[in-house]
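Welcome, and thanks for taking a look at this chain. Please open the model and keep the sequence beside it while you read on.

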Amino acid sequence: MKRILLWTICLLILAPLVFLGYVYYEITRETSERIDRGAIDQVINSESPVYYSDGQTPIGVFFEKTHSQYIHYDHIPKTFIKALVASEDKNFFDHWGFDPKSIVRAFVANIKSGRVVQGGSTLTQQTAKNVFKREKRSYQAKIHEMFQAFLLEREYSKEEILEMYTNQFFVNGYGKGLKIAAQYFFDKDPQDLNLVEVAFIVGSVKGPNKYNPFIKKTHTEKEKARRLAKERKDYVLDKMLQQNYISRNEYAAAREEPIPFKEGRITYRLNVILDYVRNQLESDYFQKILQEQGVDNIATSGISIYTSVDRDVQSAALLSLRKHLPRMDVTLTGQAPSKTLSRWQGALKESAESNNRALPFLARVTALQHDTEDPGLCIAWENGEGCIGYDGLKSMGDAWRKGKTGPWATFKKEHVPFLLNTLTVGDLVPVQIVAVDEDSKGGNRVEKLMLSAIPELEGGVVTLHEGMISAMVGGFSNIHFNRAVDAKRQLGSIFKPIVYASALQLKWNNLDPLKNTRDIYQFEGTTYVPRPDHKPKSKTVSMAWAGANSENLATVWLLYHLTDRLNMSEFRQVVNLVGLGRKPDEAYEAYKTRIRDQLGVVVDEKALAEAAFETAKKQAETDIIFAGHENMLEDVKHLHFDLSGADSAVTEADRDLLSYDFQRLMALKNHANHKDWVDGLMPPEVLELLEHHTLELLKKLMGQEKYSLETLSKIRDFRTLVNLYFVIYLSKKIGISTHLDPVLSFPLGPNAISIMEAALAYETLLTGKTFLLGAGGSPQMVPIIKKMVDREGKILWEYVPEPKVVLPERITILTAEILRKVMERGTGKKARDVIRIFDIPLPSFGKTGTANRFTNSSFVGLIPGPDDTTGQLGIDNGYTIASYVGFDDNQPMKGDHMALYGSSGALPLWMDTAWAISKSEGFKDILQPADLAFNPLLRPAIPGKSGLHPVPVSPITGLPLKHGQKPIHPSPGPEVLTQADEGSKTWQLKREFEMDSEGQPK
């Protein structure tokens, strides 16, 4: 028995020792190749390449060796060493690589939480984890890390280990180590850092993004980062004081001193795509993913990043921007290209290589050829020279003539001397290399040159495909500032389809008639009179035609009446959905205070009288008809209860609208005791009928609780507020995260958003799906990374689409129909047949936008894409493209003879990008001519699906034609796909309300 007990004890002792010995042997064997100083330095200097979607062509590299700034131990400030040891590992100089007390303490914390929340890691362990093979977080990984730290201590001195750590900790996407941190955060060399600066850097080593105010977008975020940075700085100072590394006076002074952030340049930005990828890698979403894979320090991970960016589409979008912006700028200003140089003084060089041939470069004029058969100019630059003839001058010359003379002007060879007169020998001119040919005779390279310009005008392009970014251009230079994501612009009428999609959810039909005349709209004490940007062809249009022709008046009218078709139960659901309903635990008085004092809906006798009057106009219709005034019904609908407060807000051109003031007409009738028509507008008996019905209804309303939903549902201000809140709710639901103001001009684009948000919104409007990463995704978290692979070739993470359906298919189909009509008949028809495959035009969908005063030109749209399996074109596989053009300071894009609209500014960029997509690999090769000819789109068996039918409409109004009625022109009339049943004489339009209580499609 004793012998058995003795053997058991021996086994209990020996088994763990044998296991640990085996583990130690395996780790030693595995680490032997990696512990060499050369191998460690290679890890510390790791680069992270970023690739295009082809997986082979690099976009750029993070943590480039060329930007490495290694610092040796002798040059590391002693204050930094003290701060690091005090805060991270106070026993560093006494242990053999791991601290048993810290390990036990972390083990207890992990047991309590049920997962690994503390590591108990020493500085040596942290260094080992960064320089040796990465492992996922686990207890096994901690054992590996502990043995590796021991081996590291056995091989290297404490000073060498500190040197390794100091040079490898992550700072940001472009740099690592103390030298980079000192330059980036304080624009200093390490030896010049003071105690406060050192304490911050040490405090931030495990998560610098959290404390970095430079990368935060808003003032609130920046202030939060500064507050957290101070907390980390003070934490390090506390630890230094405890270890007697600083005096009490030094401690007190440093605690009081703010962190003197001063951003220094550590490297040149490569392009906006790398910045975007870097920002995502630094986000909480990807930091969590990397940490789960054992990557605590991306700077030494050596990972490779594969993106969804298509090289050819990206190149085409960038080239389009650089081709069109100089022309547009010269056209607006009327200046010769040589006169634009002052804008970029010092930014360009007299070298074709300085910008990798991507941007214009400066060349000096050496000769002007006025009197030859091929007039032009000769130029020279560093290591190069050449001549520019008519072909190379034509683009800028044409723009220059249009800017000086008018849009009808052309630039011919006889105009070249006039352009040359703006130059003298010795002038600098911007030039671009547009092609390089091989000289067939001499075998030399012959560069084709084009006169260019340096535009002040800017712009951006972004393309999405199945939720991922396939191209993104952030400006003419495409560095430093990403205008596709970070520039907030007023994009004009691109907001109109959001109103249409809202209406389709709220029981409107895309062929419902909308009032398309001037009117006055009042909301919470303000007056708004929308104006058309073109002369309307009819007083009533369908929703589809309002979208196709970008009708301002009809769309604002629709927004004002957005919830008018809902019954009380449906209206209550919408009210609760947008947060305007009374909460279950909210007292009546509290709700009243919220609606009245916070949201501005005042329910007084005047508001109740107006509500009664609006209902009275409908109730009095029968009496008006019996009184023989049927022809007055439309005028009655046009009446307003009281326009006395609108007088000062109405311009002289719209003063006739003030005539339709019921109170004014009643005062005139009572004052003069009219027997004839009052003010020539309305018979007195019609006014009396309206007054009678109004007073009867007002009595009933006065007996109800003023802030019950039954009463509020009749108050114009409340209904308008619900309407505005719903379109804002839908906007956020489909991808617009910027705060939007609830204003009646909403459809015309007074709210400024990025074109990335616009692209996300249109992708969702047309597909019904969202793809953003993380909870509460933002324009900074649109999927762009396809996968991440470690240095051993193992996939760390791979993107798996998890689209969220947020709109019913019916809504997306009908919205697509409106946007298709924009391209076929409306403001986007310039691009109608541009995209062709096998000479068959592809259908496209989109909307132009022109901001007030021509401050922005925008276009957002989609071309369908082929399904990889079936080869069929479809919207779900489509490419959403958003583009804009505008000055950074929002000055109007209006010259003496030209102005830029959505169709003349942003649309050319959109067309070039769409054309490049149609020519890209994986697009044309999948399609078959027969498929395009016999089934050119869209979704399977659309006609008849869910009651959807193509309905003949008037080409003027877009309203349904009666059976047998033909349009007033010889060509076949247009048709609109809509939800309708075929009746005996006309189509019966159908409408649906299909949202659950949380606003999701049923």
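## Strand β5 and its partners

I305 has M788, in strand β20, as its bridge partner. The two strands, β5 and β20 (residues 785-789), run antiparallel and are joined by four bridges; strands pair if DSSP finds at least two bridges between them. This is a predicted model, where local features need pLDDT of at least 70 and side-chain atom pairs count only at pLDDT 80 or more, while totals for chains, interfaces and linings use all residues. Residues are numbered from 1 along each chain as its sequence is written, and side-chain values use heavy atoms, leaving out hydrogens and water.

In a regular strand the side chains alternate between the two faces of the sheet. Within β5 (residues 304-307), S304 and Y306 point one way, I305 and T307 point the other way, and all are buried (buried is under 20% relative accessible area, exposed over 50% and partly exposed in between, with a 1.4 Å probe and protein chains only). Strand β1 (residues 48-51) also pairs with β5, in the parallel sense over two bridges, and here Y51 has Y306 as its bridge partner.

Strand β2 (residues 58-62) is largely enclosed by the rest of the structure, because four of its five residues are buried.

## The chain as a whole

The chain has 32 helices and 30 strands, taken as DSSP runs numbered from the N terminus (helices are H or I with at least four residues, strands E with at least two). Of its 1002 residues, 54% are buried. Among contacts with a separation of 6 or more, 71% join residues 24 or more positions apart, where contact means heavy atoms within 4.5 Å.

## The second largest pocket

Rolling a probe the size of a water molecule over the atoms shows where empty space is left. The second largest pocket has a volume of about 1,500 Å³. A pocket is an open set of points on a 1 Å grid over the protein atoms alone, where a 1.4 Å probe fits, with protein on both sides within 12 Å along at least five of seven lines; lining residues have an atom within 4 Å of a point. Points are joined across faces, edges and corners, and the volume is the space filled by probe spheres set on them.

The lining of this pocket has 44 residues, and W557, H561, E614, K617 and K637 lie nearest the centre. Elements that each supply at least two lining residues include β14 (513-515), α19 (552-560) and α28 (716-733), while α22 gives the most, with six. By class, the lining has 16 nonpolar, nine polar and 19 charged residues (Ala, Val, Leu, Ile, Met, Phe, Trp, Tyr, Cys and Pro are nonpolar; Asp, Glu, Lys and Arg charged; the others, Gly among them, polar).

## Two loop residues

Is T855 buried or exposed? T855 counts as buried because its relative accessibility is 4%. This residue lies in the loop between β25 (845-850) and β26 (857-866). Leaving aside neighbours within four places in sequence, T855 is in contact with several residues, including R489, Q490 and F887.

F214, in the loop between α9 (195-203) and α10 (219-242), is partly exposed, with a relative accessible area of 21%. F214 and E263 are 49 residues apart in sequence but 7.3 Å apart in space, C-alpha to C-alpha. Not counting residues up to four places away in sequence, F214 touches Y184, F185, K222, F261, K262 and E263.
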